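Here is a short briefing on one protein model. Look at the structure first, then work through the points below.

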Amino acid sequence: MSEPAPRIATQTLPLAERLERLKPSAIREIHNLADRLKLENPGKSVIALHFGEPDLGTPPFIVEAGVAALRNGAVFYENNSGRNDLKAELARYFRERYDLRLTEDNFLITCGGVQAICLSMLGLLAPGDEMINVTPAWPNFTGAAELAGATVHDLPLTFDGAERRYFLDFSALEALAQRCRNLRVVVVNTPSNPTGWVMQGHEKQRILDFCRERGAYLVGDEMYDRIVFDGADQPSFLQMREAGERLVLINGFSKTYAMTGWRLGYLIAEPQLAQRLAQMQEYVTSCAPSMAQVAAITALREGEPFIAESLARYRNLRDIVVERLAAIPGSEFANPGGGFYAFFRHPATEDSVRFCRELLRSAGVVLAPGRAFGGGGEGWVRICFAQRPEILDEAMNRLTQFVSGKI
Ligand SMILES: Cc1ncc(COP(=O)(O)O)c(C=O)c1O
């Protein structure tokens with residue numbers, strides 16, 4: 001009789017260190033709790049405002065373009081860096097919007113901004129490198145940098161409660177950079193998820209100069225550049241770049257065109273860098289989805305009325321949240337200048353994860369705990385207000401009652 005094949009206890013095999021170091025997401029934890037609660041109490045009303053996506057879904061003119069693309073054969077692999085016709089259309093869009101002269105070679109089309117960020121970090125950062133992340137920030141910047149083996153230093157924005165705004169303290173940035181031995185990347189997301197902070201043009205210029213002087217890359221995430229409420233749009237980092245600039249710009253279709261599930265984003269960099277980063281695409285997903293790329297051309301060509309409508313809608317929703325938060329005694333927040341998030345604190349939110357768990361159990365509202373957003377995030381909670389006004393209103397009723405101890 002032959003010996004039985006040895007069983008491999010996979011769970012005891014050591015995993016790569018990069019995987020061991022990954023921390024679980026606090027937002028995902030709340031999400032899973034909400035799922036469990038709904039399963040156990042099928043009748044319970046749960047309002048989910050913890051994820052960051054537009055509630056209404058992709059507008060029909062883009063959906064139709066995607067369906068037509070499938071019918072017309074957009075079902076094959078594409079170039080690693082994306083379809084040429086999409087990149088040409090993006091170059092046209094950036095010329096008209098920002099007066100920029102970009103070529104197709106400046107673009108790398110990716111599976112969402114998530115992948116653009118991940119490829120940037122894997123391409124720019126190695127173990128031992130350091131990154132400064134302006135926080136509170138969407139968790140993927142840190143997650144991707146840590147996957148690359150780098151060390152991340154958070155630079156919390158300063159909150160001015162009287163003015164209800166955030167600002168970046170450049171002397172704190174300077175001091176933090178001085179403590180870094182191998183600073184390679186600085187990340188700024190503006191308009192910001194989760195704070196709604198919008199960096200002004202002169203500040204963008206200053207941080208770009210700062211990176212240039214230190215030979216560091218600036219990774220600028222302008223995913224919400226079409227959702228800016230007050231005053232003029234700010235210039236893009238791209239308009240300030242010099243030849244050979246160490247700048248990677250992240251953007252995508254998810255938020256502007258309500259296309260989160262299509263998984264389509266892009267990065268913009270100097271051609272040499274964009275094309276080098278595209279090489280990694282071969283081994284990750286090989287390309288972004290073909291039909292989504294074709295539909296995105298229609299989004300860029302015909303999307304301006306939709307963008308204008310969405311902005312008016314988000315502005316109204318932002319006003320509802322601001323008014324309702326202001327009416328809660330003890331609450332503090334900055335007026336969101338862009339994006340579709342409000343970030344607030346209250347004596348009850350000191351432990352943000354506990355607060356979100358209890359709010360969910362007692363009031364059936366799911367919010368994102370600030371702890372997930374790095375330095376300056378704990379003690380705060382994020383609301384995504386891209387939601388129908390009556391639902392948002394009901395969520396704010398429940399939140400108000402919960403923090404005042406009525407439910
Ligand atoms: C600041 C920021 N950047 C990038 C993304 C990535 O979006 P997607 O991968 O859907 O393009 C998000 C999504 O929440 C975001 O908030």
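**Around the ligand**

Of the 13 residues around the ligand, G112, G113, V114, G252 and S254 come nearest (a residue is near a molecule if its C-beta atom, placed from the backbone, lies within 6 Å of it). This is a predicted model: local features need pLDDT of at least 70, side-chain atom pairs count only at pLDDT 80 or more, and totals for chains, interfaces and linings use all residues. Residues are numbered from 1 along each chain as its sequence is written.

- Helix α5 (residues 112–124) gives the largest share of the shell around the ligand, 3 residues. Helices (H or I, at least four residues) and strands (E, at least two) are DSSP runs, numbered from the N terminus.
- The shell residues divide into 3 nonpolar, 9 polar and 1 charged. Ala, Val, Leu, Ile, Met, Phe, Trp, Tyr, Cys and Pro count as nonpolar, Asp, Glu, Lys and Arg as charged, and the others, Gly among them, as polar.

**The open sheet**

- 4 strands form an open sheet, in the order β11-β12-β15-β14, with antiparallel pairing. Two strands pair if DSSP finds at least two bridges between them.
- The edge strands, β11 (332–333) and β14 (368–369), each pair on one side only.
- Strands β12 (residues 341–345) and β15 (residues 380–384) run antiparallel and are joined by 5 bridges.
- Which residue of β15 is the bridge partner of Y341? The partner is C384.

**Two packed helices**

- Helix α4 (residues 84–98) packs with helix α10 (residues 290–302) at an angle of about 20 degrees, and their axes are 9 Å apart. Axes are lines fitted to C-alpha atoms, for helices over the stretch in contact, and angles run from 0 to 180 degrees between N-to-C directions.
- That angle makes α4 roughly parallel to α10 (angles under 35 degrees count as roughly parallel, over 145 as roughly antiparallel, 65 to 115 as roughly perpendicular and the rest as oblique).
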